[in-house]
Structure formats: structure tokens, C-alpha cells
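I opened my notebook to look up some side-chain and backbone details. Here are my entries, in the order I made them.

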Amino acid sequence: MSDYLLNPKLHDQDVEQEPIRAGFGRGLKTAGEQNEQVVALCADLTDSTQMSHFRDAFPDRFVEIGVAEQNLVTVASGMAAMGKIPFTSSYAAFSPGRNWEQIRTTICLNNQPVKVVGSHAGVSVGPDGATHQMLEDIALMRVLPNMVVIAPGDSVEAEKATRALANDNRPAYLRLAREKTPIFSTNDSPFEIGKAYVLREGRDITLLGTGTMTYQLLVAADVLAQEGIEAEVVHVPTIKPLDDETILASLRKTGRALTAEEGQRSGGFGGAVSELLSSKLPMPLKRIGMRDRFGESGDPTELLQKFELTSDSIVYKARTFVHSIPQYRQGF
Amino acid sequence: MGGKLTTKQLNEKAEIIREDIITMLEEAGSGHSAGPLGLADIFAALYFDILNIDPKNPAWPNRDRLLLSNGHCVPVQYAAMAEAGFFEKDELMTLRKLGSRLQGHPEREKLPGLETTSGPLGSGLSQAAGMAYVLEKIDNIKDQWVYVVMGDGELDEGNIWEAAMFAGKNKLSRLIGIIDRNNIQIDGPTETVMPLEDLKGKWESFGWHVQEIDGNNIESVIDATAIARSTTNRPSVIIAHTIPGKGVDFMEYDYTWHGKPPNHEQAKEALAKLRSLNGKITGEHE
């Protein structure tokens, strides 16, 4: 039995749902209350990135940048040089999409504690279409030295992650989503930067999730159990630094690995796990995510179904995997 | 800050800086000549008159900040810092070498006294604006300024204008920009590659106080920064007209000297030019 303290209602029809970005908005305001060095900057998307709560509470510590994402992160870098702890927000497609080099040079190479927040990541952005559906952000951020990369699984965790980042002096990227998603954790569930958590124990396959996909894995595990497949679910909110120990311990036990993310499966979370496995524990790995293609306009639920990012498709792929590939055992 | 050295002494500092740039670049075997030489007078003025800093305490919290946004010109900053006592002169010979604190483009984490990392162009003004914003809009600190030196070719970058708009909107009077207007960039003269004029008009329309000066005249530089500091209702920019490669006649005005160091023969000749003020003085032994 896992000691994560999952929401007991997580499988209910009426499970509580909230957008992950709302947890960030609350967490940032609390961080601002606890530390007057916390400042916030936004590129003309204050309400939708939920920075509005911080702005209303601390107008003197909020900086409106307008639609200028390069300026967004570089002004933040300058503020960090003066001892502030800046959080910047925009949509992930624009930040870090547009300003990657400035993040690299003025935040990572400068080792400044700027927290780049990319909201509206993934295809569930919906009708705005491919230009706004950022799928490459995890890949872009995790290859930068000094950068911490976090994709919270629900709004409760997002609030904890935000507050943890305000107390951390490293550069960081925090990935948020637009649509409301089910809350699977509780206030008492653990969250520590750099830690992965076993949400459900199993023996036949490990389902590794990050961000919005972890909930889908929990649902899939429940369905698989009814067919006699016991899936272990590991939630990996911090993609960098990766919790190698927790992930490898699970995979030594189950011998089958499946990752899931709402983003390109190559280069992102699936890429990170691939790299770990091929160097430490080479074994068959199934990566669920976008298959090197862009999103498109549509209703979020339709899009997740089209791109096979729902629990149904995870069940199908996990079942096929278990029935066709033997469990890896170390020592070949 | 202010008034400790005479103009003659400051000019001597500029000459020392120029010589150190030449010897540093020759030893390194790569790097930029024209910009640093042209900036030597501005950097002599900054490090020996204008900036309120303590070379023995680079992290002194009440210091003025200087950012070099056109980071490729860092040899002039390293030379000025060494002459001012931030580190020993012989360390200048480690420029661009493995393990050196004097990286090819300045890195904040490598050398105390540097306020940021730069090289890719366009982001220094924003960072300086962020610092000035904290000083005057959040922490309410008096009597501290943020200076940022920019190249003129660098003004092609959009990030510069984002920062200019931001500083204008917020009336960041603690922010003082100095543009090295030497009219050259890599592919040729600025006005051929990407014309900048009417440059003064552009900055004024963004809400900045603008001065145009002879950037190779140390007194003009000092006077202009004093005027900039006393401008309390908007940010200031000083368009400093400089001669690229100033001090070495075979380098002056030649854009092909932007990105290359002198070889041994050229360095020898350049040092002779510098020490004789471009041939105006001849020594007994020549």
C-alpha cells in the first residue's frame, strides 16, 4: 500500500476538478505573503495565468511587461540580481518558446533564481490550436544546465510546488495546464522538489506519469486490475532532476516501463526516462505522448482522445505490452 | 566616485587600458579589437570617476552597477577592472584560456565584479532595467545607479526596444544607457547593414532623455553621466560617438577589425602607435 495519501474520491464521477494553473495562482500569493522578496512579472496574460491574485494582493511587487517575452525573463533576471525571487508567467508556447536563449544566458548561465512559469501547455489548450499548444517545453527546458523542471499533477500539487520553488534558489520551469483536471492528491500528500512518488503498487508493469497524465494512469491502473494486471503507478512531477532511485526501484520490480506525458514523447519526459533506462537498466519502454506532430483546434476531450492521451488508450497499450513482452530481469 | 583624478590622469588611464587590450588580445589569439579600443575612454571614465564601486569589495550592496551588454567588448572591461584593482594585471594574459576567470564573453559566475553574463546581444538593457526597477520602484533606494553599455549594431535586436519601452513606461530614472556609436558591425557600416538613424529621435519617442557626445572625450562622458543622473523623471541614454579602433591608426574606422585580434607584428606596431599617440611623439631611440 502506498503512503502517498491519495484522494479517496479520485475514481468518483464527481471527483473535484480544478485547473492546475489555479493552484499556482494560490501558491504564488501565499509565497508572496511569506516572503516579501517574491515578485511576479507577466507578459499580458495576468488573469489567464492566474497571476492576478498576486497582483491584487501585492501591486507594488507585480510588474506588467506587455507582450514582450524576451523582456519578461531578462527583466526578471535583473530583479533576481538585486535579491528578488521572480516568477514570470506567460503561455508555454511563448515562454520558454520564444525566449529560450535569454533563459539560457541570463537565468541558467547566470544561475539566477528565476521561476519561469509556462501555462497552457499540452493539447488540452483546445480550440486555440497548434500554435498555442506547447508540446516541446519539457524537452527545451530539461536540456539546460542548472534548470529544475516541474510539471505538477493537479492543482493541489501545483500550489505546493509553487511555494517550494519560492524557497529554492535554483532556476526553474513550472508547467501548468489550462483545463480543469481531477485532483488525485490531498493536502497531506508529500511534495518535494526532485522526488517521484509511488501512488499505487503493482508487479506487472510500471506506469510513469508527469503533469496531467498521472491521473489517466491511475484510472488505467484501476481498469487493468479488473483484468488481473497489477500496474504500479509512479508520479514524477519533477522531470529534472529526475528521481532515478525511485524510478529504477520500481522498474527492477516490474520489468516493464511505460511513460505518459501531454507533450512530445521524444525529448521530454519519455526521453528522460529512456536515457536513464538505457544507461542503467536497459529494458522495453513504451512512451505515450505526441508522436512528433503538432496539435490542432478542437475540444480538449476530443483532442486527448484523438492523440491517444486518455486512460482508454493507456489501458490498451499497457495490456498489449504485458501480454506480448516478457518482464525484464537484470543481469543479461 | 568623482573628482579624484584629473582629466590628464584619466586620459593616462585610458592609454593604459588601450595597451592592455592589445597585449591581452595578442596573447589570447582571438577576440575583438575595434570596439574595446573605441570604448577605452568611456571605461576609464566609468571605473576611475563615475562609478561608485569598491574594487576590493565587488559585492558591496550599495554599489552602482555596470552592465556590458555588448559582451564581446569585454577586453576593455577586464583591462579597466585590472587597472582599478579588482584583480592582478598578469591575470589579463589568461583571457579566453582554459580555466580562466576571464572568459571570452563575460560570465557573472566566473569573475566577481561582473554584474551579468552577456555576448548574445540585446539582453543587457532589460536586465539593467530590472535592476533599476527594483532600486526605485520596489526598494526605494537612493543614490544608486545602473549603467549599461550597448553596441550600436546591437540595437538591431528587438529585445533592446522591448526594454526601452518598459523603461520609458516606468520612468526608470536610475537607468543610464551608453551606446557605443562607432558606426560599424560585422557585415559592414551600421548604416549599410541596418540603418539606425534617426537614433536620437527613436529613443526620445520611447520616453528617454537623450544626449549625443564625443565618446572619446573623457570630460564629455563624465559631464553627460552627471546630467543623466540629475534627470529624475525618465531613463537616460548617451549616444557616445566613438572611433572604432581608436588609438591605433591602422585599425581606426575599419570594420574588419571588429572581430579579430592583432597578430604579433601588428600588436608591436599598435603598441608603438599607442605609446607615441599615433606618431605625434617620437622617442630618443627611434
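Helices (H or I, at least four residues) and strands (E, at least two) are DSSP runs, numbered from the N terminus. I noted that this is a predicted model, where local features need pLDDT of at least 70, side-chain atom pairs count only at pLDDT 80 or more, and totals for chains, interfaces and linings use all residues. Residues are numbered from 1 along each chain as its sequence is written, chains are lettered from A and ligands numbered from 1 in the order in which they are written, and side-chain values use heavy atoms, without hydrogens and water.

Entry: I looked for cis bonds. K240(A) and P241(A) are joined by one, with omega about -5°. P241(A) sits in the loop between β12 (238-240) and α8 (244-254) of chain A. In chain B, the bond from E197(B) to D198(B) is cis too, with omega near 15°. D198(B) is in the loop between α6 (190-193) and α7 (199-205) of chain B. Next I checked phi. N146(A) has a positive phi near 75°. I found N146(A) in the loop between α5 (137-142) and β6 (148-150) of chain A. I noted for myself that most residues other than glycine have a negative phi, and most peptide bonds are trans.

**Entry: aromatic rings.** I searched the whole structure and got 11 aromatic pairs over all chains. Rings of Phe, Tyr and Trp (its six-membered ring) pair if their centres lie within 6.5 Å; planes under 30 degrees apart are stacked, over 60 edge-to-face, the rest tilted. Y4(A) and Y197(A) make a tilted pair, 5.6 Å centre to centre with 50° between the planes. The two residues are 193 apart: Y4(A) is in the segment before β1 (17-19), and Y197(A) is in strand β9 (residues 197-200) of chain A. Is Y4(A) buried or exposed? Y4(A) counts as buried because its relative accessibility is 2% (buried is under 20% relative accessible area, exposed over 50%, partly exposed in between, with a 1.4 Å probe and protein chains only). Y197(A) is buried as well, at 11%.

**Entry: charges over rings.** A charge sits over a ring if NZ of Lys or CZ of Arg is within 6 Å of the ring centre and within 35 degrees of the ring normal. R61(A) lies over the face of F58(A), 4.3 Å from the ring centre. K13(B) has its charged end over the ring of F48(B), 4.9 Å from the centre.
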